[in-house]
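Biologist: I would like to learn how to read features from a model. Could you take me through one?

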Amino acid sequence: MREAYLLFGRRRELTSNHDRLLDPAELYVDESKEALVFRHENQGAASWGILLDSLQDDDPAVFVRLDLADKSAERWVDWLERLSLCFVEIVLSESLHADEELCDFLDLYGDEAETLEANSVRLPFPEYPTGDEDGTRWFLAQDVLLRVDGGAALLARGRTADDLDRVRDLIPGD
């Protein structure tokens, strides 16, 4: 964690366009005293953390806790198997929310995900949350970085506006 914060912890354009990486002084142990929290979802609907009993590990697993109406139902659940992967995910995900001209979003209702998969390359990043059958997957198509969230949403960031337009033409939807 220290290494990641030293490398890009102050780079808000890499870590906090949508969800927010907490500053080192803002890190805290959650109320249940189970995890060190380091990231918050942009509307407060979730937090990411490392379980306290794994803080000594070189590259501990990361967990997410949804903010639920029924607080007794809240649990830390698997997110990614290594903290280093989580920081890669943060930079990738936050890039999808950086420059509105180069970014786009599509709700997936039909076979758009299949069209995407047939016309792109799946990146070698593990599907997450860990153990989720229909989790988040990353792709590259025509110089556009794409994230499919559980078959329900597609987020995209093009290298250029023309690159993004080519993918818009490829995948149906608004």
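Modeller: First, the ground rules. This is a predicted model, in which local features need pLDDT of at least 70 and side-chain atom pairs count only at pLDDT 80 or more, while totals for chains, interfaces and linings use all residues. Residues are numbered from 1 along each chain as its sequence is written, and side-chain values use heavy atoms, with hydrogens and water left out.

Biologist: Which strands does S3 pair with, and over how many bridges?

Modeller: Helices (H or I, at least four residues) and strands (E, at least two) are DSSP runs, numbered from the N terminus. Two strands pair if DSSP finds at least two bridges between them. Here S3 (35–40) is antiparallel to S1 (residues 20–21), with 2 bridges, and to S2 (residues 28–29), also with 2 bridges. S3 and S4 run antiparallel too, joined by 5 bridges.

Biologist: Which residues take a positive phi in the hairpins of S3?

Modeller: The hairpin of S2 and S3 has 5 residues between the strands, and Lys 33 takes a positive phi near 60° there. Between S3 and S4 there are also 5 residues, and in that hairpin Gly 44 has a positive phi near 80°.

Biologist: How many residues of S3 are buried?

Modeller: Buried means under 20% relative accessible area, exposed over 50%, and partly exposed in between (1.4 Å probe, protein chains only). In S3, 5 of the 6 residues are buried.

Biologist: Which residues touch the most other members of the largest nonpolar core?

Modeller: A nonpolar core is a set of buried Ala, Val, Leu, Ile, Met, Phe, Trp, Tyr and Cys residues joined through side-chain atoms within 4.5 Å. The largest has 29 residues, and those touching the most other members are Phe 38, Val 62, Trp 79, Leu 80, Cys 86 and Phe 87. Elements that give two or more residues to this core include S3, S4 (46–51) and helix H3 (83–95). H3 gives the most, with 5 residues. Another core, of 14 residues, lies apart from it, and Val 148 and Leu 164 are among its members.

Biologist: What is Val 148 in contact with?

Modeller: Contact means heavy atoms within 4.5 Å. Leaving aside neighbours within four places in sequence, Val 148 has contacts that include Leu 108, Leu 116, Phe 139 and Leu 154. Val 148 belongs to strand S10 and is buried, with a relative accessible area of 1%.

Biologist: Why do the buried residues of H5 line one face of the helix?

Modeller: An α-helix has 3.6 residues a turn, so residues three or four places apart point the same way. In H5 (residues 161–170), the buried residues are Asp 163, Leu 164 and Val 167. They line one face because they fall within an arc of 95° seen down the axis, the arc being that of the directions from the helix axis to the C-beta atoms. Asp 162 and Asp 169, on the other side of H5, are exposed. The buried residues pack against strands S7 (103–107), S9 (136–141), S10 (144–149) and S11 (153–158).

Biologist: Is Ser 120 buried or exposed?

Modeller: Ser 120 is buried, with a relative accessible area of 15%, and sits in the loop between helix H4 (112–118) and strand S8 (121–122). A polar atom of the Ser 120 side chain lies 2.6 Å from the backbone oxygen of Leu 116.

Methods
Polar contact = N/O pair within 3.5 Å; in protein donor to acceptor, adjacent residues only side chain to side chain.
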